[in-house]
Amino acid sequence: MDSLALLCNLHGDGPATLARLRELGCFELAAVRSVNRDALSALFQGNEKFAARFEREARVLSERLGESEEGPAPSVSKGGALTQPCTVEDYSLAPEMDEFAPSVEPAATKMLTPFPGLSRVGAASAALLGVVPLANTNHQESESPQDSAGPHGVVINAVLELWSRLDGHQPPAQFTATCKLREAQIEGFSSEAAEKLCAAGLQTLEDLVEAELLDLVGSSGLPYTKLAHLQFLARKVLGAGHSMKTPAPAARPESQRQASLRQEKGLELTPFWSRVAKPAVKEVVKEETRLPDPVEEGPAGPFA
Amino acid sequence: MQILTLANQKGGCGKTTTAIHLAAALHAAGERTLIIDLDPQAHATLGLGCFVGRSPSLLEVLRGEVPAQSALRQLRPGISLLPATLSLGEFEEEATVALEPERALGHALRPLASSFDYVVIDCPPRADGVLTANAVRAANQVLLIVETGAFALQGAVRAFEIFSGMLESEGSSTPIQVLATMFDRRTRFARDVLIGMHARFGERMYDTAIRSSVKLREAVASGVPLQWTSPRARASSDFAALASEVRNTMSPSQIASTFLEL
């Protein structure tokens with residue numbers, strides 16, 4: 001796939017646009033700039049706006065791929081994202097043959113706005129594959145002080161930004177990877193539990209996620225099920241903060257429900273072996289209390 | 001005859017859908033095409049609306065019990081299917097005691113060399129196993145199907161290394177090409193993945209990226225290729241472009257090196 005085909009796939013009608021460009025004598029990405037604007041508009045069924053955007057995207061892509069001979073395009077931000085966002089209306093102008101319905105994916109309409117978080121994830125993938133050195137990626141992306149929040153920080157910042165864009169309000173500032181447990185006001189995360197966890201040596205949500213629960217039971221004094229639930233909540237915040245927006249009331253586990261029913265009925269929750277052992281002990285006691293009848297001993301004793 | 005093997009160790013990346021519609025696109029371009037369902041799940045057979053029953057299938061062909069001609073199902077004049085059944089997985093077990101089981105498919109296809117221009121093989125979603133080895137060994141080109149989704153790049157790089165190593169170990173010079181599927185350009189994530197794939201594979205990628213399409217899924221579910229019901233649909237044009245590229249890169253007049261080796 002050459003860069004011109006990549007551009008047509010990304011911002012055109014795929015192979016149809018590519019074929020029409022080649023008919024115009026355009027075989028390279030750089031040659032898109034030299035195509036007459038009217039011819040380019042005719043390529044997109046006379047839509048000048050889409051033609052202009054296509055030309056702009058060609059500049060952006062050539063710079064991103066390192067094929068640009070000129071200076072950086074003015075509409076490109078540091079992370080490669082457009083400062084002038086591509087809206088879904090722009091894409092709806094694309095002359096697709098069929099099946100182009102912007103309403104199919106409503107979430108995607110919001111994601112078409114500049115979203116440095118996702119481009120960071122993409123950059124991280126590229127760095128992982130060796131396409132871009134990881135050091136350069138980090139250097140380019142270290143724009144905000146929140147980036148120093150560890151490996152989860154990038155994802156969390158992206159989720160927080162998505163949250164703010166989707167709902168139109170800022171999320172709580174304390175939902176970050178480095179926030180103290182005392183300050184983490186998560187639903188189901190009581191201050192008492194946070195105090196106990198802090199006393200057990202946990203400082204951050206990441207500490208809680210990585211902690212060994214069985215060890216934590218002894219050090220914090222919290223029950224295992226409670227700790228497992230708290231760890232689940234912490235993992236949820238670190239992995240997908242948006243899900244904390246509307247926390248559903250946690251359903252009581254079946255075991256807890258059965259336990260409460262037994263307590264209501266006055267049934268004692270004792271292990272089965274203790275219930276089995278008790279009558280056995282009573283029987284033994286009865287046998288012990290039933291003393292053997294006294295044997296009248298003769299001169300040779302009872303075995304005579 | 002040119003043999004095209006569609007493979008990836010990842011499941012759900014569009015191998016079967018691509019195999020069916022690429023074969024239909026090649027057929028629409030006037031080529032005599034054969035689809036081979038090498039997946040024990042038999043999804044390509046189902047996707048083409050074929051019911052095998054007690055008729056001979058690919059398993060009997062690989063065992064050498066029947067010739068390949070007797071197991072062929074003609075879908076339309078010029079396009080046929082070598083169907084699979086769920087019992088195809090037995091061949092993996094039987095291969096442990098067979099002599100050169102990885103050459104069975106190549107031997108079976110030999111008599112069909114003059115009957116078809118293109119053979120499209122739909123592989124199981126695994127890189128190891130004797131079925132995939134058969135397909136890779138018989139191929140003139142391995143087409144790595146990569147979904148433009150999460151984990152796609154990492155999985156694609158890994159699969160590329162596996163198949164490259166497999167071919168190198170056999171001393172084969174069979175090229176590996178990459179095809180991006182399920183591409184939805186409306187999402188920035190998919191665009192970033194495609195750019196990453198381009199940066200990683202470059203010229204090894206086909207120019208055409210198959211866009212995600214509901215019609216494609218419906219077509220596979222209904223058992224009829226989309227080209228036969230909606231030849232002007234967007235997905236049909238994508239596969240027509242892909243078929244054009246395949247025809248440019250793989251000329252059927254070339255004699256398959258595989259058969260010379262065999």
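Modeller: Of the 262 residues of chain B, 57% count as buried.

Biologist: What makes a residue buried or exposed?

Modeller: A residue is buried if 20 or more other C-beta atoms, placed from the backbone, lie within 10 Å of its own, exposed if 12 or fewer, and partly exposed in between. By that criterion, 24% of the 304 residues of chain A are buried.

Biologist: Which conventions apply to the model as a whole?

Modeller: This is a predicted model, in which local features need pLDDT of at least 70 and side-chain atom pairs count only at pLDDT 80 or more, while totals for chains, interfaces and linings use all residues. Residues are numbered from 1 along each chain as its sequence is written, and chains are lettered from A and ligands numbered from 1 in the order in which they are written.

Biologist: Why is Ala19(B) called buried?

Modeller: Ala19(B) has 28 other C-beta atoms within 10 Å, and is therefore buried. Ala19(B) is found in helix α1 (residues 15-28) of chain B; a helix here is a DSSP run of H or I of at least four residues, a strand is a run of E of at least two, and both are numbered from the N terminus.

Biologist: Which residues does Ala19(B) touch, not counting those up to four places away in sequence?

Modeller: Ala19(B) touches Leu6(B), Ile35(B), Ala44(B), Val120(B) and Asp122(B). Two residues are in contact if their C-beta atoms, placed from the backbone, lie within 7 Å. From C-alpha to C-alpha, Ala19(B) and Ala44(B) are 7.7 Å apart in space, and in sequence they are 25 residues apart.

Biologist: Why is Gln69(B) called partly exposed?

Modeller: Gln69(B) has 13 other C-beta atoms within 10 Å, so Gln69(B) counts as partly exposed. Gln69(B) lies in helix α4 (residues 68-71) of chain B. A distance of 9.2 Å separates the C-alpha atoms of Gln69(B) and Ala108(B), which are 39 residues apart along the chain.

Biologist: What makes α8(B) and α9(B) roughly parallel?

Modeller: The axes of helix α8 (residues 152-169) of chain B and α9(B) cross at roughly 25° and come within 10 Å. Axes are lines fitted to C-alpha atoms, for helices over the stretch in contact, and angles run from 0 to 180 degrees between N-to-C directions. Angles under 35 degrees count as roughly parallel, over 145 as roughly antiparallel, 65 to 115 as roughly perpendicular and the rest as oblique. α8(B) and α9(B) are therefore roughly parallel to each other.

Biologist: Which residues of α8(B) and α9(B) meet?

Modeller: In α8(B), Ala152(B), Leu153(B), Ala156(B) and Val157(B) meet Val193(B), Gly196(B), Met197(B) and Arg200(B) in α9(B). The residues of this contact divide into six nonpolar, one polar and one charged. The classes are nonpolar for Ala, Val, Leu, Ile, Met, Phe, Trp, Tyr, Cys and Pro, charged for Asp, Glu, Lys and Arg, and polar for the others, Gly among them.

Biologist: How do you know that α1(A) and α9(B) are roughly antiparallel?

Modeller: The axes of helix α1 (residues 3-11) of chain A and helix α9 (residues 188-201) of chain B come within 10 Å and cross at roughly 170°. α1(A) and α9(B) are therefore roughly antiparallel. Leu6(A), Asn9(A) and Leu10(A) in α1(A) meet Arg191(B), Leu194(B), Ile195(B) and His198(B) in α9(B). The contact of α1(A) with α9(B) comprises four nonpolar, two polar and one charged.

Biologist: Why are α1(A) and α2(A) called oblique?

Modeller: The axes of α1(A) and helix α2 (residues 15-23) of chain A cross at roughly 130° and come within 8 Å. α1(A) and α2(A) are therefore oblique to each other. Leu4(A), Ala5(A) and Cys8(A) of α1(A) make the contact with Thr17(A), Leu18(A) and Leu21(A) of α2(A).

Biologist: What confidence does the model have in each chain?

Modeller: pLDDT is the predictor's confidence in each residue, from 0 to 100. Chain B has a mean pLDDT of 89, and 96% of its residues reach 70 or more. Chain A averages 63, and 41% of the residues score at least 70. In chain A, confidence is highest in α1(A), at 89, and lowest in helix α6 (residues 106-111), at a mean of 37. Over residues 71-151 of chain A, pLDDT stays under 50. The model scores ipTM 0.82 and pTM 0.59.
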